[in-house]
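I opened the model to look up its cores, ring pairs and a few single residues. My entries follow in the order I made them.

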Amino acid sequence: MQITGGYLKSRKIISPKGENVRPTLSKTRESVFNVLMNLVDFEEHSFLDLFAGSGIMGFEAISRGFADVVFVEKDRATFNLLKDNLKKLGIDSSKIYCADSVRTLKTMSQKFGVIYIDPPYRANLYNQVLDIIKTQQILVSDGIIVLEHLRDERIQMSGFVPVKQKNYSDKMITYLRMVD
């Protein structure tokens, strides 16, 4: 898998193998960051890659100049692969947690300009994660939450307003801001 933009463009990362692995496609990644470019100033904001998996979204964020990137991945083997990819790319400034995303989110005090949420599909975690983000107040006032989800997934967005939604086959990317 290759990084699609920024100073690390075309650099390859190793992706975990397995049935449950579904890295975000390059076309989708490019589209997400093109939309984000019009919504937030990358250099002034931190990026949280929850349920990081391969970490490709966080690597794209680093490559495009986000001030800080934090990865959270629960699976030990995938976490180790993520660590190896960071080392291979020469990145040592990012925080990386091998932990449950929901539990980690509950203890975070850092605020983020973008929070990317892509949990295992059908795990019913979107609503819980959005509630924690509201309660913990870890999204900056002009921040964006990006949800990658199945098109037919019903997500309770109270307290948030959709800024944009885009379909990609059976997936949808939803961009949210918190309601003032």
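**Cores.** I began with the largest nonpolar core, which has 30 residues. A nonpolar core here is a set of buried Ala, Val, Leu, Ile, Met, Phe, Trp, Tyr and Cys residues joined through side-chain atoms within 4.5 Å. Buried means under 20% relative accessible area, exposed over 50%, and partly exposed in between, with a 1.4 Å probe and protein chains only. Val32, Phe33, Leu36, Phe47, Phe59, Phe66 and Val146 touch the most other members. I then asked which elements supply at least two residues each. They are helix 1 (26-37), helix 2 (56-63), strand 2 (68-73), helix 3 (76-88), strand 4 (112-117), strand 5 (139-150) and strand 7 (171-178). Helices (H or I, at least four residues) and strands (E, at least two) are DSSP runs, numbered from the N terminus. Helix 2 gives the most to this core, with five residues.

I noted the basis of the model next. It is predicted, so I kept in mind that local features need pLDDT of at least 70 and side-chain atom pairs pLDDT 80 or more, while totals for chains, interfaces and linings use all residues. Residues are numbered from 1 along each chain as its sequence is written, and side-chain values use heavy atoms, with hydrogens and water left out.

Contact means heavy atoms within 4.5 Å. Leaving out residues up to four places away in sequence, Val32 touches Met57, Tyr116, Val146, Ile173 and Tyr175. A second, separate core has 27 residues, among them Leu105, Tyr121, Leu147 and Leu150.

**Helix 2.** I checked how much of helix 2 is covered. Eight of its eight residues are buried. They run Ile56, Met57, Gly58, Phe59, Glu60, Ala61, Ile62 and Ser63. What do they pack against? I found helix 1, strand 1, strand 2, helix 3 and strand 4. Just after helix 2, Gly65 takes a positive phi of about 100°.

**Thr4.** I looked in the segment before helix 1, where Thr4 sits. Is Thr4 buried or exposed? Thr4 counts as buried, at 11% relative accessibility. Its C-alpha atom is separated by 9.7 Å from that of Ile56, 52 residues apart along the chain. Not counting residues up to four places away in sequence, Thr4 touches Lys9, Ser26, Arg29, Glu30, Glu60 and Arg64. With Arg64, I found a side-chain to side-chain polar contact at 3.2 Å. A polar contact is a pair of N or O atoms within 3.5 Å; within protein, one must be able to donate a hydrogen and the other to accept it, and residues adjacent in sequence count only if both atoms are side-chain atoms.

**Rings.** Rings of Phe, Tyr and Trp (its six-membered ring) pair if their centres lie within 6.5 Å; planes under 30 degrees apart count as stacked, over 60 as edge-to-face and the rest as tilted. I get seven aromatic pairs by this rule. Phe42 and Phe66 are stacked, at 4.4 Å centre to centre and 20° between the planes. Phe42 lies in the loop between helix 1 and strand 1 (46-50) and Phe66 in the loop between helix 2 and strand 2, so this pair ties together parts 24 residues apart in sequence. Phe42 is buried at 9% relative accessible area. Phe66 is buried too, at 7%. Next I took Phe47 and Tyr116. Their ring centres are 6.5 Å apart and their planes at 15°, so the pair is stacked. Phe47 is in strand 1 and Tyr116 in strand 4, so the pair ties together parts 69 residues apart in sequence. Both Phe47 and Tyr116 are buried. Ring pairs link Phe33, Phe42, Phe47, Phe66 and Tyr116 into a cluster.

**Strands 2 and 3.** Two strands pair if DSSP finds at least two bridges between them. Strand 2 and strand 3 (residues 95-98) run parallel, joined by four bridges. Val72 stands opposite Tyr97 in strand 3. I also looked at Thr104, in helix 4 (residues 101-107). Thr104 is buried, with a relative accessible area of 11%. Leaving aside neighbours within four places in sequence, Thr104 is in contact with Val72 and Ala99.

**Backbone.** Most residues other than glycine have a negative phi. I looked for positive values. Phe51, not a glycine, has a positive phi of about 55°. Phe51 lies in the loop between strand 1 and helix 2, and counts as buried at 15% relative accessibility. Gln137 has a positive phi near 50°. Gln137 is in the loop between helix 5 (126-136) and strand 5.
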